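Open the model in your viewer and keep the selection panel at hand. The stops below are meant to be taken in order.

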Amino acid sequence: MGDIIDEVKLFRTWSTPFALRIVWALQLKGVQYQTIYEDLSNKSDALLLYNPIHKKVPVLLHNSKPISESLVILEYIDETWTQQPHLLPQHPYHRAIARFWIKFGETEVLPAVWDAFTKAAGKEQEEAYSRSIEKLKLLDEELKGKKLFGGEEIGMVDIALGWLSNLVSVFEEITGLKFIDEHTMPRLSAWKAALNEIPVVKENWPDYAKLLTKFTVLRETYLSKEPQK
């Protein structure tokens, strides 16, 4: 952006996969930024000021202007820092297809996997698990002939679905369920491994043991709120 020095700050927590999307995008673009870690049990005045609607992270502050919601921030980054790599395809059709799969991941895959993860063992969890497998198999099919959703290079679909390449392993260990099986979903399994080898992804994952502890407690909290049957 010429000789102008951008001031970029990212409000995040250590564990949220939504903020990791922004970390990956900024680092892929080579954008320098400052990280501000938030404690969501004691939100800072700055976070409440910059995201008064949802009061959540991530928030990107670019030259004192706040942008909220991770998928919105990703598109902002791609349009503001136009250098390679492009996160969305340049052709309108391929860009539309990418947005379709991003939305599918957000509205179909994520809720289904989360529902299975937060249900107690039994019929309801089995039904939720079956729904999640149906959604994940559609992603596996979409990867036919491709290394990544973006082709050979990481793109916005890969970034948006990136939580699958790490958190799913945490969910599997906690619940004993197998969400991404290398035999039934070979392409998605290979994608997961390939994504985890990309430096900006590999180098920024939170500590696995800490994630395991956090999500074990989180699941127990959800289970404790379920009505007794």
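Select β1, α1 and β2 together: they form a right-handed β-α-β unit. Right-handed here means that, with the strands pointing away from the viewer, the path from the first strand over the helix to the second runs clockwise. Helices (H or I, at least four residues) and strands (E, at least two) are DSSP runs, numbered from the N terminus. This is a predicted model, in which local features need pLDDT of at least 70 and side-chain atom pairs count only at pLDDT 80 or more, while totals for chains, interfaces and linings use all residues. Residues are numbered from 1 along each chain as its sequence is written, and side-chain values use heavy atoms, with hydrogens and water left out.

Next, show the whole sheet. Four strands make up an open sheet of mixed pairing, in the order β2-β1-β3-β4; two strands pair if DSSP finds at least two bridges between them. β2 (34-37) and β4 (65-68) are the edge strands, each with a single partner, so one side of each has no neighbour in the sheet. From one strand to the next the twist averages 20°.

Now select β1, residues 8-12, which pairs with β2 in the parallel sense over four bridges. Along that pairing, Lys9 is opposite Gln34, and Arg12 has Tyr37 as its bridge partner. Towards β3 the pairing is antiparallel, again with four bridges; look there for Leu10 opposite Leu60. Four of the five residues of β1 are buried (under 20% relative accessible area, with a 1.4 Å probe and protein chains only).

Within α1, pick Arg21. Is Arg21 buried or exposed? Arg21 is buried, at a relative accessible area of 1%. Its contacts (heavy atoms within 4.5 Å) include Ser70, Glu106 and Trp163. A polar atom of the Arg21 side chain lies 2.8 Å from the backbone oxygen of Ala160.

For the last stop, select α8, residues 186-195, and colour its buried residues: Leu188, Trp191, Lys192, Ala194 and Leu195. Seen down the axis of α8, they fall within an arc of 165°, so they line one face of the helix; the arc is that of the directions from the helix axis to the C-beta atoms. These buried residues pack against α5 (123-142), α6 (156-160), α7 (167-175) and α9 (199-202).

Methods
Axes fitted to C-alpha atoms, helices over the stretch in contact; angles between N-to-C directions. Buried < 20%, exposed > 50% of the residue type's maximum accessible area, 1.4 Å probe, protein only. Polar contact = N/O pair within 3.5 Å; in protein donor to acceptor, adjacent residues only side chain to side chain. Lists of a residue's contacts leave out its neighbours within four places in sequence.
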